[in-house]
Amino acid sequence: EAEPPAESPNEDGAPEPENPGENLTVGVLTFGPGDHPFFRFGHNAIYVKDGSNGKDRVYNYGTFAFRSKGIFLRFWLGRFKYRLSRTSLRSTIRGYERRNRSVAMQELNLTPAQRWELHEFLKWNRRKANRYYRYHYYRDNCSTRVRDAIDRVIGGRIHQASQGPGSMTFRDHTLRLTAGLPSVLVALHVVMGARIDQPITEWEESFLPEQLRRQLRKVTVIRDGQEQPLVASERQLFEADRKASLERPPQWSVYFLVAGVTWGALMALAGRAGRRRRAARIVTALGLGLVGLVFGTLGIGFCLLWALTDHEVAYANENILHLAPWLIGLPALALGIARGRPWAMRGAFVLTAAAAATSALGLVLKILPWFDQHNGEIIAFGLPVVAGAALATWWMMTPLHRGRDSSKPTGHTAPGSW
């Protein structure tokens, strides 16, 4: 979430009341998704109101400063920190109304002692020495912090009620919630490895605020010797005017396959024509250069994320097999290919053929249980492209291997001439 409005005065020095927690009301605020990629997953916070003085507080674990020093480097390295902040309910709702994001409240059925304990914990957690934490997309975020804070004061009842299987994986949730931003969806799908494809529990699934909201409805607590719902009441504070998020991730495999086959086939045909036509050679060279720039850059990026950062969700990314890092060498060969230089064509063939072989190997390895990353769309796109690139360079090399009968002029420019 963005940097919140200015906070209300701190009440941390106030004396304790005679009956701690008796006048406190505690609830969970759930905020709907927004337009920015950072806001697509929704948000939540803990609400505390003191009936003795009428003051309310919203404790928000999703705060960071856009203008903080070194923010982009820390984000890239996976060492980004969020902090716990505090605002009033009124200013919080106003901010979400401006962004057209829904706000819902779940009041919790806690004893006075539990309400007091939670409030004291939140005040302690907000101290300067305690407020910052290392953010993790799925394991430690604004929603899991809210979940854990409540769970600790009710004796682990949320955890006990959340041991069933989740409705889908981390990847599935990520793709369905970013479906409205195709470029973000594709980027996340490509960059993240197999760790987010493992089955998860409902407890882990509550990394999403909306999933935690649903989970809280299932939790019960013991009150006066009876089992009662944790959620005492729910109400909608603001209803946004926007489409609901998808319930399931989009199925785009066919589109990836059509795009990959089309690109690969066009390059192969251009390479075949490039044996005799300079214009076709230039087109093929441009296509190969683009493949090298995109695939090679991504492949190198996968290696750097694995070796240098704390983004564990990007480790052991099987897409390295389908977006080969060494293809970054193709742009350097593009000019030589356009001019029909044999050395450039041979070099391009070695690079593209090796990439096609590793991509095919990655597809075959899917039969083994250790290669279970859900990257079918990436294979459907990448394998036809690199296969088409390898075929294009092979066909352009054909006259160099077989030669031509010089007694039968063709009227076309021979490879190697400009």
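Which side chain meets that of aspartate 310 in a salt bridge? The close-up views below, taken from a predicted model, begin with this pair.

**View A. A salt bridge between aspartate 310 and arginine 134.** The side chain of aspartate 310 meets that of arginine 134, with a distance of 3.3 Å from N to O. The pair links distant parts of the chain, since aspartate 310 lies in the loop between H11 and H12 whereas arginine 134 belongs to strand S6 (residues 132-134), 176 residues away. A search of the whole structure finds 16 salt bridges.

**View B. Packing of helix H11 against helix H12.** Helix H11 (residues 278-308) packs with helix H12 (residues 330-338) at an angle of about 175 degrees, and their axes are 8 Å apart. Because angles over 145 degrees count as roughly antiparallel, H11 and H12 are described as roughly antiparallel to each other. On the H11 side the contact includes Arg281, Ile282, Ala285 and Leu288, which face a set in H12 that includes Leu330, Pro331 and Ala334. The residues of this contact divide into 10 nonpolar, 2 polar and 1 charged.

**View C. A nonpolar patch on the surface.** Trp76, Leu290, Leu293, Val294, Leu298, Ile300, Leu304, Leu308 and Ile328 form this patch, and together they have about 710 Å² of accessible area. Helix H11 contributes the largest share, 7 residues, and leucine 290 is placed in that helix.

How values were computed
Residues numbered from 1 in each chain as written. Predicted model: local features only at pLDDT ≥ 70, side-chain atom pairs only at ≥ 80, totals over all residues. Heavy atoms only, no water. Axes fitted to C-alpha atoms, helices over the stretch in contact; angles between N-to-C directions. Helix = DSSP H or I, 4+ residues; strand = E, 2+ residues; numbered from the N terminus. Parallel < 35°, antiparallel > 145°, perpendicular 65-115°, else oblique. Contact = heavy atoms within 4.5 Å. Nonpolar A, V, L, I, M, F, W, Y, C, P; charged D, E, K, R; others polar. Patch = residues over 30% accessible without salt bridge, like charges linked within 9 Å, V, L, I, M, F, W, Y side chains within 5 Å. Areas by Shrake-Rupley, 256 points an atom, 1.4 Å probe, with all protein chains shown as cover. Salt bridge = Lys/Arg side-chain N within 4 Å of Asp/Glu carboxyl O.
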